[in-house]
Amino acid sequence: MIKFHGKNVIGAIFDMDGTMFDTERLRFQTLKQASQELNGAEFSDAYLMACLGLSASSAEALAKQEYGEETPYAEIRKRADELELESVRKFGVPIKRGLVQVLERLRKSGLRMAVATSSRRAIAEEYLINANVYKFFDVLVCGDEVRQGKPHPEIFITAAAKLNVQPTDCLMFEDSANGIRSARHADGQTILLKDIKEPNDEMMRNADFYYDDMYACFEDLDRYVDHLDMPSLTEAFPQTLNQLSVGIHGFGAIGGGYLAQIFSHWDGYTRPKRIYASTRNPLYQSAVNAFGAYSIRYGQMSFDERIDNVQVINADQLEQMQEMYIESSVIAICLPERALEKESKVIAQGLMARHMAFDQQELPLTFLIILNKVGAKTLFLQHLRQALEAISDQDIAANIMAQHYFCDTVVNRMVSKLSDHNLYRQLRIKHSIFQQYQQDCEEDVMEMEDATHLSADQERQAAQYVEDLRRNFQPGHILQNMDLILFNAEADMTIYVENKSPVLSKIRQMILVEHIEDIQLIKNRLWNGVHAMTAWYASLHGHSTIGVALADKRVQQFCHALVLEVQQGLNLHVPKYRKDLKRMADTFLASCETAYKDPCQRVARDPLRKLNRNERVLGSIEYHVQHELPVQALLRGAAYGYAYAVQQGMVNITGALQHLQHDVGLMALPQKRQQEIISAVEIQLLELTANKMKTNTVYELENATQGQVASI
């Protein structure tokens, strides 16, 4: 039961044509064609409009009145049925936008549900099954099963009786004058939905509630049903697919290993019918599309989560990218900062294609900007505006950008993708199992080490594996439960999003905030900064992953010291989140300690960018020195970052020191304090590089340099 606008509701009864399905227009076309074929003249729009909601016998009587007693109405109707079924079987039933969301919410709220349609049962059942909504209904009452059609109330009264519910306790959904009159005379709570015919005064008087379309009804109904809390990790995705498509521009670790999961949970009632995901990795594209799914592995829980309904597209194919931008309601931009300028040109082309496809009646697209950077939204909009102006003009660019919602985000999940070689091994093993299952001979396989790229022979062999699996992959096959693992992830479910789009309130895992910059600051310094400094230190000790590194007491102590130090600064900087900071810090540390699949190399990448003045490390140092807070661990972390950059050949020692002096020189600090910071980091950096960053020297250095660091 639900309480809808203060009234108790136990049942819901739906008309079909024009209410659930956009079939009235199709019906008009087929009746016109059939009447032309069999009677020599098309039925007029006026006649067809008058027939809306009438039973077959009433429509026949009206036809004979309009076109003569000899009109072969039964034959025309039969031929129109055939034409309509041909169209539906070829193209599917045109479902009203928002229908599935309404049906799922009513069903999950415990309502008993029925269809009351003037159509014959054979037609009604085919349409309901074709549209995959038959499962929502307990009872089906059709026009050929009642003596008196609409506007008589018999069909609604009969449906309520079969549900064992009083008509007064039912919502009755209709779109026509005769239909809404029938529902009103049955004493139901009447809902009128606009279809072809503009409602007249009588229709409005008979309606308790009126909506321009089913989606508007869904928006209203959504206020009266339960909103589901954050899902648990192992909770199943909703089974029912809605009519939405969403996109992921950048099928990498965050895109494929996090956003796809968020989209798949959606609101807990339904989930998008399609997730577009763009990549330039041909192996990912062919493998996921061949299997129709992939999985994310949560090592802490020994749980593999299957993601399906994903269509992986080629990021270099403009037509495919434009399709994603035209069809999607939400698109997550999951790109590294260095790719933004290039990819903004593709995004601009996608938005221009959408603008043209919607012919000036553009539906807003919601962008989730996931760039792992403070100020990401400003940077993204700057690049996008420039790209749009390059292919149009300033007015068109401004108009297009004004149509859409741009929302900054903060992600709190650690995700890593598997290497191409790891995927290759999975394909090889699954292919071997497949061959054994088929009783084929086993092929010789070659062992190999992880590396960045496959050899030409391996690429050809991987393509053969995918093609062989694709051709032989069938439902119920041994391979069906052997999904490809593409990403490893930690269990944190939350994504913080700027509250700028109405669609976001529907997405279950989102925490909407008014000032996203506060969360960005916390993530930038507490999560990203500590994560990077821990990875730099762990790499200097020769550790391969964060989880393994945290078993080393020295790394663990350094990481904890960083967290405590950064937390002190954030308590002062964003005091309204003081109560949350301890929880956030504990969650972060727990994630690090179990991140056995999270490579230090991935976390440690781009050290010089992360050591810019306003970034995660020097930003904390500047704030701490300004407010006389402890800074020892942070200075060590900066030194490890520069040492890592030198070790990896990204810069020589002179270049590292120049970078340090330049960015510290930009800090809003007295020159003396700037020089103290430079000296403290420089001493540690020179010690590290002079001793070639041997593990024991790193450890000894921690003790030897405490005097210089503590003086700041």
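This is a predicted model: local features need pLDDT of at least 70, side-chain atom pairs count only at pLDDT 80 or more; totals for chains, interfaces and linings use all residues.
1. Placement of Y47. Y47 sits in helix α2, which spans residues 45-51. Its relative accessibility is 4%, so Y47 counts as buried. The cut-off for buried is under 20%.

2. Neighbours of Y47. Leaving aside residues up to four places away in sequence, Y47 touches A59, L62, A63, E66, Y67 and Y73. Take L62 as one of these contacts. L62 and Y47 are 15 residues apart along the chain, and their C-alpha atoms are separated by 8.0 Å.

3. Cavity count. The model has four cavities of 30 Å³ or more.

4. Largest cavity. Its lining has 29 residues. D17, E24, R27, L54 and R77 lie nearest the centre. Helices α1 (24-39), α2, α3 (56-67), α4 (73-91) and α6 (121-130) each supply at least two lining residues. By class, the lining has twelve nonpolar, six polar and eleven charged residues.

5. Second largest cavity, residues. The lining includes I370, L371, N372, K373 and V374. T409, V410 and V411 also line this cavity, as do Q520, K523, N524 and N528. The lining divides into five nonpolar, five polar and two charged residues.

6. Second largest cavity, elements. Strand β16 (405-411) and helix α19 (516-540) each supply at least two residues of the lining. Which element gives the most to this lining? Helix α19 does, with four residues.

Technical notes
Residues are numbered from 1 along each chain as its sequence is written. Side-chain values use heavy atoms; hydrogens and water are left out. Buried means under 20% relative accessible area, exposed over 50%, partly exposed in between (1.4 Å probe, protein chains only). Contact means heavy atoms within 4.5 Å. On a 1 Å grid over the protein atoms alone, a cavity is a set of points where a 1.4 Å probe fits but cannot get out, and a pocket is an open set with protein on both sides within 12 Å along at least five of seven lines; lining residues have an atom within 4 Å of a point. Grid points are joined across faces, edges and corners, and a volume is the space filled by probe spheres set on the points. Ala, Val, Leu, Ile, Met, Phe, Trp, Tyr, Cys and Pro count as nonpolar, Asp, Glu, Lys and Arg as charged, and the others, Gly among them, as polar.
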